[in-house]
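Please keep the sequence and the three-dimensional view at hand while reading.

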Amino acid sequence: MTSMSEEVKLECVSLSPVSMATDPEQGPLCIFGTGDLGRSLGQRLLQAGYKVVYGSRRPHSCGPLPAGTQAMSHEAAAKSANLVFICVHREHYDFLERLAPQLVGKVLVDVSNNLKKNIYPEANAEFLQRLVPGAHVVKAFNTLSAWALQNGPSDANRQVYLCGNSVVAKQAVEETATKLGFTVLDRGSLSAARELEDFPLQLFPEWRLPIRLAVGLTAAFFFYLVIRDIIFSYVEQGKDISFRIMVSLANKVFPIVSLILLSLCYLPGVIAAFLQLYRGTKYKRFPDWLDRWMLCRKQLGLLALALASLHVLYTLIIPIRYYVRFRIAAHTISQIKENKTSEFDTTMAWRTDSYYSMGILGYGLYVLLGLSSLPSVSNSLSWREFSFIQSKLGYLTLFFCTFHTYLYGWDKFLRLSAYKWYTPPAYMLSLVVPSVVLVLRLLLFLPCMDRSLIRIRQGWERTDPENDTKKSLLT
Ligand SMILES: Cc1cc2nc3c(=O)[nH]c(=O)nc-3n(C[C@H](O)[C@H](O)[C@H](O)COP(=O)(O)OP(=O)(O)OC[C@H]3O[C@@H](n4cnc5c(N)ncnc54)[C@H](O)[C@@H]3O)c2cc1C
Ligand SMILES: NC(=O)c1ccc[n+]([C@@H]2O[C@H](COP(=O)([O-])OP(=O)(O)OC[C@H]3O[C@@H](n4cnc5c(N)ncnc54)[C@H](OP(=O)(O)O)[C@@H]3O)[C@@H](O)[C@H]2O)c1
Ligand code: HEM
């Protein structure tokens, strides 16, 4: 009871100085530490119209500071401001314990980060709050770099995350950040500090699984194709065609992996649908692996698009390749020499035009999916529109790309000579997952399945008659 009333009293006592803290007309803002971040922050605050004082261990020899700022001892600087940015590494926080009396009622902004996750038992900001219990600690600005602060908000760095236990203190920091041109995202109380401190340590976490998958599949198919195409040719025909690695093999591996990744974007949706049908409810959690898979579909899709784009670029250079031009010239000359002509093959014309056309349509839709996943575009779409593009047009993309590959294979599926060393061509292997996904999706279109799934997704639950009987016996 006493501590609660003390907390309220503290908040009331500090209300007026804290709210004045961010008014450039009022007293200065204080920065402890004259290092990289301290100087960049000071520069930006000055540009926004604030007065800035620095608290430093060596106020007279602390190196060049932004013109118009003043450096003084920590004690003097703390006294002159209500809001203090602690631009010092956590390892050096001990000196703040000594300053605790001067910091009572002040807002302390903890900007610190660590080099690794979980090296300390508590978050830096919570540690600071423990050292200076009379101050209001707010965690903020740690997700920005000194460079971003100096240059002002840029596209990649517009947001300032903050958290803290005092609403008034958070408001004061929020006002300052807004005046510096940043968008503020409040993450709640100081217990969220650890999460904010972990942000800058993350390196594309949601891309890790898709990248590993893409690299793994690329390596596996590359070796498969080297053995089937290059080594086979060398061993069985004595021909060295290793030069084909650069373009021909690349132009097989990239579209093959792209097609598999694309189908892997849609497979979890189908598995989820069958799971919901089996369980008769949508209220049971999916297994963790399915959850994680679903959460990285965007990254899987974008990687697939990048690989498909490489395939399109490689395809564009086919006519200017030396190997292709040589083969065409050699064929033409041999026909002239042998006085031969070849008949126009309408079936071949249909086949090639059809698979090119399917490829182009597939790629067009692929690009549309990619564009709609840009935040600026997806923000302007309703959930229904986004879902229509991603889900309905996404399946159409998968269909076109799969059909493109089937048409490319044409009658080779039935030709024994295509199965070198009894192994199928790589593109045939790449058709397995997309075909399974499309067939399962077709099954879900069956009225009996579709109706049940729609009802389940609208909240309907199938009751378990066995359980019901047991329940009624017990009661
Ligand atoms: C280039 C590219 C970019 C991509 N960008 C993105 C992206 O930005 N974001 C993204 O998420 N994916 C993205 N993807 C992946 C993929 O397109 C989407 O995840 C797509 O929505 C998957 O569709 P789905 O039909 O399999 O599954 P889902 O959309 O998960 O759902 C299947 C169906 O069930 C419905 N449904 C699902 N859950 C519920 C529920 N709880 N209640 C009621 N109805 C429900 C949906 O409306 C949908 O009709 C991208 C893919 C590619 C190739
Ligand atoms: N640099 C960035 O881009 C960046 C981005 C986000 C967050 N941060 C965080 O901001 C804080 C400062 O980073 P920085 O890059 O500015 O570091 P820095 O360049 O090393 O500066 C730290 C400053 O702390 C002061 N200091 C050093 N030892 C001290 C001690 N024993 N006691 C008291 N003060 C001491 C020094 O200032 P005086 O000599 O004036 O006392 C020094 O200039 C860190 O917590 C960091 O995690 C930095
Ligand atoms: C502009 C669009 C496209 C064009 C013009 C095109 C053209 C081609 C061509 C010419 C080939 C034969 C390559 C060769 O002989 O080595 C081919 C093969 C293939 N394409 Fe496409 N394509 C397009 C888009 C796509 C897309 C979007 C995908 C889906 C990922 C795709 C998947 C494949 C696959 C899997 C193969 C078989 C690779 C092999 O093993 O040879 N294509 N395509």
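The model shown here is a predicted one. Strands of a sheet pair through backbone hydrogen bonds, in either a parallel or an antiparallel sense. In this model, eight strands form an open sheet of mixed pairing, and their order is E3-E2-E1-E4-E5-E6-E7-E8. From one strand to the next, the twist averages 30 degrees.

Strand E7 (residues 159-164) pairs with E8 in the parallel sense, over four bridges. Within this pairing, Leu162 has Asp186 of E8 as its bridge partner. Elsewhere on the sheet, helix H2 lies across strand E1 (29-32), strand E2 (52-55) and strand E4 (83-86). The direction of H2 is at about 165 degrees to that of E2.

The packing of helices against one another comes next. Two packed helices are described by the angle between their axes and by the distance between those axes. For H10 and helix H11 (residues 288-295), the axes come within 9 Å and cross at roughly 140 degrees. On the H10 side, Pro268, Ile271 and Ala272 take part in the contact, and they meet Leu290, Trp293 and Met294 of H11. By class, the contact of H10 with H11 consists of six nonpolar residues, with no polar and no charged ones.

A second pair is formed by helix H18 (residues 432-445) and helix H19 (residues 447-457), whose axes come within 5 Å and cross at roughly 80 degrees. H18 and H19 are therefore roughly perpendicular to each other. Here Leu443, Leu444 and Phe445 of H18 meet Met449, Asp450 and Leu453 of H19. The contact of H18 with H19 has five nonpolar residues, no polar residues and one charged residue.

There remain the ligands. Which residues come nearest to ligand 2, and which helix gives the most to its shell? Of the 21 residues around ligand 2, the nearest are Thr34, Gly35, Leu37, Ser56 and Ser112. Helix H2 (residues 36-47) gives the most to this shell, with three residues. By class, the shell around ligand 2 has seven nonpolar, 11 polar and three charged residues.

Ligand 1 is surrounded by 20 residues, of which Gly269, Lys298, Gly301, Ser373 and Ser391 are the closest. H10, H12, H14 and H16 each supply at least two residues of the shell around ligand 1, and H12 gives the most, with six. That shell around ligand 1 divides into eight nonpolar, eight polar and four charged residues.

Around ligand 3 there are 24 residues, with Pro255, Ser258, Gly359, Cys401 and Tyr427 coming nearest. Two or more residues of this shell come from each of helix H10 (250-279), helix H12 (297-316), helix H14 (346-372), helix H16 (383-409) and helix H17 (426-430). The shell around ligand 3 comprises 13 nonpolar, 10 polar and one charged residue.

Technical notes
Residues numbered from 1 in each chain as written. Chains lettered and ligands numbered in written order. Predicted model: local features only at pLDDT ≥ 70, side-chain atom pairs only at ≥ 80, totals over all residues. Near = placed C-beta within 6 Å. Nonpolar A, V, L, I, M, F, W, Y, C, P; charged D, E, K, R; others polar. Axes fitted to C-alpha atoms, helices over the stretch in contact; angles between N-to-C directions. Contact = placed C-beta atoms within 7 Å. Parallel < 35°, antiparallel > 145°, perpendicular 65-115°, else oblique. Pairing = 2+ DSSP bridges.
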